[in-house]
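Reader: I am new to this structure. Please take me through the terms used for it, one at a time.

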Amino acid sequence: MTPHPLSLRNSASASGKPEAFVPRDWRNGDIPDDDKRVRLYVCGPTVYDRAHIGNARPAVVFDVLTRLLRHVYGPRKVVYARNLTDIDDKINARALEAHPELDPLDAIAKITAETTDWYHEDMAALGVLPPDHEPKATDYVPTMLEMIGRLVASGHAYEAEGHVLFSVSSYADYGSLSRRSTDDMIAGARVEVAPYKRDPMDFVLWKPSDEQEPGWPSPWGRGRPGWHIECSAMSEALLGPDFDIHGGGADLFFPHHENERAQSRCANPGSTFAEVWVHNGMLRVEGRKMSKSLGNFFTVADVREKLPGEVARLILLSAHYRQELDWTEKLAEDSEKALRRWRAAAEGASPTAPDPAVVEALLDDLNTPKAIAELHRLAGAGEAGALLASARLMGLLTPELGGWEAAPEAGEAGGKIDALLEARAEARKSKDFARADALRAALDAAGVIVMDNPQGADWRLGPDFDPAKLEDVQ
């Protein structure tokens, strides 16, 4: 079976259907084969805190897309850039709170260095490969200033009270990416009303900084860049004014990506900027929007305490990338069982070649649910080599993510766990919630994963299970 060409749902297209993807360089007969490249830019994290599990979804989705592109075009033919946003008001506030004694630039550097290390650690635990380029906004401020200067010189931006703003009215195609009306855009962008704006929709390219905020010298005074100009400058510097795919979460579609596209096209007349826009859907938890107020907000680090990274990766791939993903306990259980089965089926095997049906599913707008169904088929048919190669194309069953499947045995501790759960159930029944919570905390501390359900509770052992921590629990 010969896989059909890659198709992707282009968010910029009004058709709503996946379309054949052919990279720019492959359509240009003047570019020698050795010089052809597929260029991909993805908006990365704002590094001011631990990444939550919703932040991990685009990292995993575009990791699979990059693996697929390298499979189709060759490992050295793909250039993948994913930025780090280290200039942001949330970072400024966190840095000022944590390090008021430091110069503002040193303070944000200290905060972002630590959070970047956390992000790299979390993504590696999920099997996400490092991108080819990981630009930091702070390294590209001169590039941003040069691009802003071009926009001012061409009449697409103007200076007002120390700010430089993009003039939305100067770009007739504004709003065509997200296909929104002016009223919808004003509401969706939470437009800041400011007297220095010529139009409420105009957005900031440069803004002044006070003494407590990080700042850089510019023709318009000491200040810092707006969020949108960061990605435009970094993508142009690394991939050129025109490239193939721009990715990110659906929450970035407007205003961030709309604004990126407008300013980049205006800074480079005749440019189309990104040709294909790919957006992943958001994440819910047990059917509800993830929120700290609902108590269902958790970081990747939180997940890693409960689940192996490989299980979390499979969960994130279980729904089509364009759809919302509902993270549930049942999905976590099923994903762990599937991976245990696949790893057992592939034990001792060497990878052969990815199964054509798996490749075809991924080529069809990255249809990971269908690809996962094919992995189940391969495991059931005993095709170990193809199972291993196909799963690795999706970043699964890799040696780096293995080892967790050899879960510890409960042994004599199993009876103690059952007794503690029974005592917890009795405490809850008698409304002694303090005791119930204490018993649950003790089980958590021992590495016992408790899964409440309408009938009571089930349990399983986490990779860090320590029976000694249960000995004195009553």
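Author: Start with one term: a residue is buried when its relative accessible area is under 20%. Both phenylalanine 243 and phenylalanine 273 are buried in this sense. Keep in mind that this is a predicted model.

Reader: How many aromatic pairs are there?

Author: The structure holds six aromatic pairs. One of them joins phenylalanine 166 and phenylalanine 203.

Reader: What makes phenylalanine 166 and phenylalanine 203 an aromatic pair, and is it stacked or edge-to-face?

Author: Ring centres must lie within 6.5 Å. Those of phenylalanine 166 and phenylalanine 203 are 5.0 Å apart. Planes under 30 degrees apart count as stacked. Here the angle is 20 degrees, and the pair is stacked.

Reader: Which parts of the chain does this pair link?

Author: Distant ones: phenylalanine 166 is in strand β6 (residues 163-166), and phenylalanine 203 is in strand β7 (residues 203-208). They are 37 residues apart.

Reader: Why does phenylalanine 166 count as buried? And why phenylalanine 203?

Author: The cut-off is under 20%. Phenylalanine 166 has 0% relative accessibility, so it counts as buried. Phenylalanine 203 has 7%, so it counts as buried too.

Reader: Why is the pair of phenylalanine 243 and phenylalanine 273 called edge-to-face?

Author: For phenylalanine 243 and phenylalanine 273 the angle is 80 degrees, with 5.2 Å centre to centre. Phenylalanine 243 lies in strand β9 and phenylalanine 273 in the loop between α8 and β10, so the pair ties together parts that are 30 residues apart in sequence. Phe243 and Phe273 also belong to one aromatic cluster with Tyr41 and Trp277.

Reader: How do you know that the charge of arginine 198 sits over the ring of tyrosine 158?

Author: The distance limit is within 6 Å of the ring centre, and there is an angle limit as well. The charged end of arginine 198 is 3.9 Å from the centre of that ring, and it sits over the ring. Lysine 292 lies over the face of phenylalanine 297, at 5.1 Å from the ring centre.

How values were computed
Residues are numbered from 1 along each chain as its sequence is written. This is a predicted model: local features need pLDDT of at least 70, side-chain atom pairs count only at pLDDT 80 or more; totals for chains, interfaces and linings use all residues. Side-chain values use heavy atoms; hydrogens and water are left out. Rings of Phe, Tyr and Trp (its six-membered ring) pair if their centres lie within 6.5 Å; planes under 30 degrees apart count as stacked, over 60 as edge-to-face and the rest as tilted. Helices (H or I, at least four residues) and strands (E, at least two) are DSSP runs, numbered from the N terminus. Buried means under 20% relative accessible area, exposed over 50%, partly exposed in between (1.4 Å probe, protein chains only). A charge sits over a ring if NZ of Lys or CZ of Arg is within 6 Å of the ring centre and within 35 degrees of the ring normal.
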